Amino acid sequence: MPRSVPDSGPHGGDGARVAAALGLDPSDVVDLSASFNPFAPDVAALVADLTRSDPATVGRYPDSRGATVSLADALGEDPDRVVLTNGAAEAIALVAAEQPVGEVVDPDFSLYRRHLSSVEPGAPRWRSNPSNPLGRLAAGGDRAGVWDESFFALATGRWTRGDAEAWRIGSLTKLWACPGLRLGYVIAPDAERAQRIRGRQPRWAVNGLALAAVAPLLAATDLVGWHRAILDARSSLAGELRSLGFRVTDTDANWLLVESTDLRSRLAPHGVVVRDCTSFGLPRLVRVAVPTPAATARVVGAFAAVGP
């Protein structure tokens, strides 16, 4: 009896779950259902080096102050306004607890509605930039109460659009392709509100290994270079898929949109997992992350095997 492919659900990054359902080795699956930086440094090797050079990191309580200052310096922000978090998911939850009434214009990321106590037209808007899943950057004159800039650096080569009066959320998990390490941040409109966020945060929310990795990963970060490489890889992938007959919409982000029927279920047995946009109310649209250079030929081969 053929095995069925699990639905995408409200989030991506479910390559291991699909592999288990189909009896595949997770290491042999190209997971394009979550959009990470395909040119990120080898974070696993860096963390292994850190644990060898300072094994006591895992035996003491973490202190986020040094990593916060390093990140704030890279962002060009006052450290008193920057709060490191256990991924952008925690950042969203913390800001929603501080500002619980907001407006969300769909389609947009599901975690905003999950954590807001009330979603009301005319309230301060929560907005992903570039938009998720459509992948378009907001216009320069657009405004929001909360900007989710999880993919902004990869889409622009800059850390932030710099709306100092708004809350800004970032995802180092996406930037450095380390979803298991969990690193995000909040840039608050002022130091007082940043301190209120810290007061809501559980103690030691960001683990010591993640904090120790911040400074060396910042040193390895090349926003402009990564942005240009993603632009080239995205354009090349779009051309390859169009040549196979797929209807492809380019984006400003590190993913493409493909219009097709049952594409997720057809690609999965070939070891390629994509994110259909049913949970966004767009069932015929599929979000396909830009793969690493090493995986690109396999991804194109899987698309060629299933056809549009």
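Two residues are in contact here when they have heavy atoms within 4.5 Å of each other. Keep that in mind as you click around, and remember that this is a predicted model.

**Stop one: L32.** Select L32, in the loop between β1 (30-31) and α2. Now show its surroundings, skipping neighbours within four places in sequence: L32 is in contact with V272, V273, V274, R275, R287, V288, A289, P291 and V299. Its relative accessible area is 4%, so L32 counts as buried.

**Stop two: α2 against α9.** Next, select helix α2 (residues 43-53) and helix α9 (residues 208-219). Their axes lie 10 Å apart and the packing angle is about 115 degrees, so α2 and α9 are roughly perpendicular to each other. The crossing of α2 past α9 is right-handed. To see who meets whom, show V43, L46, V47, L50 and T51 from α2 together with L209, A212, A213, P216 and L217 from α9. Nine of these contact residues are nonpolar, one is polar and none is charged.

**Stop three: E77.** Finally, jump to E77, in the loop between α3 (65-75) and β2 (82-85). Is E77 buried or exposed? With a relative accessible area of 16%, E77 falls under the 20% cut-off, so E77 is buried.

Conventions. Residues numbered from 1 in each chain as written. Predicted model: local features only at pLDDT ≥ 70, side-chain atom pairs only at ≥ 80, totals over all residues. Heavy atoms only, no water. Axes fitted to C-alpha atoms, helices over the stretch in contact; angles between N-to-C directions. Helix = DSSP H or I, 4+ residues; strand = E, 2+ residues; numbered from the N terminus. Parallel < 35°, antiparallel > 145°, perpendicular 65-115°, else oblique. Left-handed = near helix turned anticlockwise from the far one by under 90°. Nonpolar A, V, L, I, M, F, W, Y, C, P; charged D, E, K, R; others polar. Buried < 20%, exposed > 50% of the residue type's maximum accessible area, 1.4 Å probe, protein only.
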